[in-house]
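Keep the viewer open and follow along.

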Amino acid sequence: ESGSATAPAQSLVLPLAGSLAYHATIGLSFTLVLLQAQALGGARAVGLVVGIPMFMMVGSSAFWGAMADRWRNRKRVVLLAMVLSSLLALPMPLAGTWGLIALRVLQSFFRGGVVHLHTLFAELDADARGAQLGRLQMTAGFGWGTGGLLGGLLVPASAYGSVSPALLAAFFVNCALGILAAAALLRLRERSAKLGQPERVPDGGVPLPPTGMLWRLWPLWIATVLLFVGYYFFLAFAPAFFTTLTGSTSRMGLVMLASGLVHGLM
């Protein structure tokens with residue numbers, strides 16, 4: 001599906017709803033997986049289930065970028081990655097510690113393709129890229145917080161560490177939200193080049209600086225890495241910490257919701 005200058009304006013109601021639903025799956029699985037890993041294998045399992053998939057995301061993002069260029073269809077990559085990563089949530093409550101880690105690594109491989117969602121939104125309007133990405137980030141924050149709240153409400157702390165009905169139901173909800181998100185994003189248009197022709201750079205595009213100039217930004221790269229190391233170090237133990245601090249997963253979910261709302265509004 002290609003947009004054009006004469007085409008009617010893209011309706012963003014369904015695509016934004018799809019983005020919200022997808023990011024809700026991230027917040028929900030974040031809560032479910034970390035608390036399940038904590039119950040199964042303790043702090044070591046939590047560290048592994050967070051850290052190893054992040055390394056996978058580095059390589060998988062590059063892989064899916066190459067696939068998007070080969071297919072000349074970023075939307076296909078986003079939808080395929082979204083559906084497959086959502087389906088992988090179904091066997092997670094049945095897995096042991098290492099099985100859960102393996103499933104998260106595989107899920108992260110597919111989630112690397114969803115990064116193109118930002119590109120799709122940025123290309124909707126070359127004159128309002130910031131506004132489009134702002135709307136997308138707002139749904140990301142609200143969705144993440146909503147998913148965290150669902151995780152707190154659907155599964156009590158006592159249900160983790162075993163194949164409980166509440167845990168099975170919560171992972172099923174996670175999968176269903178991902179499929180619904182992909183269905184809603186079917187309405188999202190893509191501005192793509194015709195096969196065999198170079199892709200047109202939208203008006204207002206800024207060419208990348210020479211590689212030598214990019215290497216001069218090494219202090220920024222290091223600062224960014226350190227920032228995210230600290231960020232994910234805290235997030236890895238946030239669900240268990242807030243559950244202990246507040247005394248219940250429901251209250252922990254409210255804390256995660258508040259975090260997501262602040263992110264969405266900012």
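A crossing of two helices is called left-handed if the near helix is turned anticlockwise from the far one by less than a right angle, and right-handed if clockwise. Keep that in mind for what follows, and remember that this is a predicted model.

Start with helix α1, residues 13–71, and helix α5, residues 129–154. Their axes come within 6 Å and cross at roughly 40 degrees, so α1 and α5 count as oblique to each other. Seen with the handedness rule above, α1 passes α5 in a right-handed crossing. On the α1 side the contact includes L16, L20, H23, F30 and L32, while α5 brings, among them, R135, F142, W144, G147 and G151. Sorted by class, this α1–α5 contact has 12 nonpolar, 9 polar and 1 charged residues.

Now turn to α1 and α3. These two pack at an angle of about 25 degrees, with their axes 5 Å apart. Angles under 35 degrees count as roughly parallel, and α1 is therefore roughly parallel to α3. The crossing of α1 and α3 is right-handed.

What about the nonpolar core? The largest one has 39 residues, and L32, V49, L100, V155 and F171 touch the most other members. Two or more residues come from each of α1, α3 (97–111), α6 (165–185), α8 (218–246) and α9 (249–265). Of these, α1 gives the most, with 15 residues.

Zoom in on V49 for a moment. Which residues is V49 in contact with, leaving aside its neighbours within four places in sequence? The list is V33, L34, A37, L100, I101 and R104. There is also a second, separate core of 18 residues, which includes A21, Y22, V78 and L120.

One last stop is R72, in the loop between α1 and α2 (74–87). Most residues other than glycine have a negative phi. R72 has a phi near 50 degrees, a positive value in a residue other than glycine. Is R72 buried, partly exposed or exposed? Its relative accessibility is 31%, so R72 counts as partly exposed; the cut-offs are under 20% for buried and over 50% for exposed.

Terms used: Residues numbered from 1 in each chain as written. Predicted model: local features only at pLDDT ≥ 70, side-chain atom pairs only at ≥ 80, totals over all residues. Heavy atoms only, no water. Axes fitted to C-alpha atoms, helices over the stretch in contact; angles between N-to-C directions. Helix = DSSP H or I, 4+ residues; strand = E, 2+ residues; numbered from the N terminus. Parallel < 35°, antiparallel > 145°, perpendicular 65-115°, else oblique. Contact = heavy atoms within 4.5 Å. Nonpolar A, V, L, I, M, F, W, Y, C, P; charged D, E, K, R; others polar. Buried < 20%, exposed > 50% of the residue type's maximum accessible area, 1.4 Å probe, protein only. Core = buried A, V, L, I, M, F, W, Y, C linked by side-chain atoms within 4.5 Å.
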